[in-house]
Amino acid sequence: MNVRQPAVAGLFYPNSASEILHFMESCQLALAEQVELERKEVPRALILPHAGYVYSGYAAYQGVRLWQNHEQIKTVVIIGPAHRVAFEGVATISSEAMATPLGNCEVDSDLRTELIDEFDFISVSDFAHAQEHSLEVELPFIQKIIPDAKVLPLLNGRVSAQEVAQLVSYLWKREGVYFIISSDLSHFHSYEIAKKIDQKTAEMIDVGDWQALNGERACGYLGIQGVLKYISENLPGQNVNIERVALLNSGDTAGDKERVVGYGAWAIYEDGKGRVK
């Protein structure tokens, strides 16, 4: 089997299964202390951060745990930004699976082939994926929360929000297909300045103001734009709720407050006629 091996295990997240599970159990215990209303619906899409777990892992877990015990999630399409390699369009991989210390995530190869045939801006680039962290760090969360789900990794290079929205539109209609949009927020401002920038960015995402987003506000802004643009143009008659789950930065977790990175998590619920149950 052709398996994409982990590139950032031991760097962005633990390189042993027991340490990963211990981290997620600690997140679960921390959340158990919160009193909140439980929703019956499952988010169709999540926006999650992708930094090291000591910095943003708790925020990511706050989002992904909303998928707990929802077996209708068959494939998770993970859309994230390319940090290391420049290329045109959107890149997926040729591998049949993606490995982490928790085991292998099966790639939805049938859907991959279909997308490559459907969109001329989607192609295979194992080179672009080889050292990339923005998609890999989401895999252990998927393996823990929805272990039977397949994944489809999509890495954004030079691509437009319109093209990403076309891709989302094509996939949104598919039963069992759900989304993780992988993105951090502002980078390397002081703590107080970052808080102000990220608060404004969060308010833009809360109301679906996709046009106002850019790479200074969120490194994965193209994926966020694509989902929000699709929603604004295609689901106006439905009750789509964008709920903010977490907003913090590395100065709140394991970093200093001189140069911080912002993190947020959102859950996007489709509660109207096309409600996901």
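Helix H6 (residues 161-172) passes helix H8 (residues 221-234) in a right-handed crossing, where right-handed means that the near helix is turned clockwise from the far one by less than a right angle, and left-handed means anticlockwise. Helices here are DSSP runs (H or I, at least four residues), strands are runs of E with at least two residues, and both are numbered from the N terminus. The structure is a predicted model, in which local features need pLDDT of at least 70 and side-chain atom pairs count only at pLDDT 80 or more, while totals for chains, interfaces and linings use all residues. Residues are numbered from 1 along each chain as its sequence is written, and side-chain values use heavy atoms, with hydrogens and water left out.

**H6 and H8**

- The axes of H6 and H8 come within 8 Å and cross at roughly 60 degrees, where axes are lines fitted to C-alpha atoms, for helices over the stretch in contact, and angles run from 0 to 180 degrees between N-to-C directions.
- That angle makes H6 oblique to H8, since angles under 35 degrees count as roughly parallel, over 145 as roughly antiparallel, 65 to 115 as roughly perpendicular and the rest as oblique.
- Contact (heavy atoms within 4.5 Å) joins residues of H6, including Val164, Val168 and Trp172, to residues of H8, including Leu222, Val227 and Ile231.
- The residues of this contact divide into nine nonpolar, five polar and one charged; Ala, Val, Leu, Ile, Met, Phe, Trp, Tyr, Cys and Pro count as nonpolar, Asp, Glu, Lys and Arg as charged, and the others, Gly among them, as polar.

**H3 and H6**

- Helix H3 (residues 109-118) packs against H6 at an angle of about 135 degrees, with the two axes 12 Å apart, and H3 is therefore oblique to H6.
- The crossing of H3 and H6 is right-handed, and in it Leu111, Glu114, Leu115 and Glu118 of H3 meet Leu167, Tyr170 and Leu171 of H6.
- By class, five residues of this contact are nonpolar, none is polar and two are charged.

**H1 and H2**

- Helix H1 (residues 17-32) and helix H2 (residues 53-64) have axes that come within 10 Å and cross at roughly 55 degrees, so H1 and H2 are oblique to each other.
- H1 passes H2 in a right-handed crossing, with a contact made by residues including Phe23, Met24 and Leu31 of H1 and Tyr53, Tyr58 and Tyr61 of H2.
- That contact holds eight nonpolar residues, three polar ones and no charged ones.

**The second largest pocket**

- About 300 Å³ of space lies in the second largest pocket.
- Of the 17 residues that line this pocket, Ala51, Tyr55, Phe188, Val261 and Tyr263 are the closest to its centre.
- Strand S10 (187-189) and strand S12 (260-270) each give two or more residues to the lining, and S12 gives the most, with three residues.

How values were computed:
1 Å grid on protein atoms, 1.4 Å probe; cavity = no way out; pocket = protein on both sides within 12 Å on 5 of 7 lines; lining within 4 Å. Points joined across faces, edges and corners; volume = space filled by probe spheres on them.
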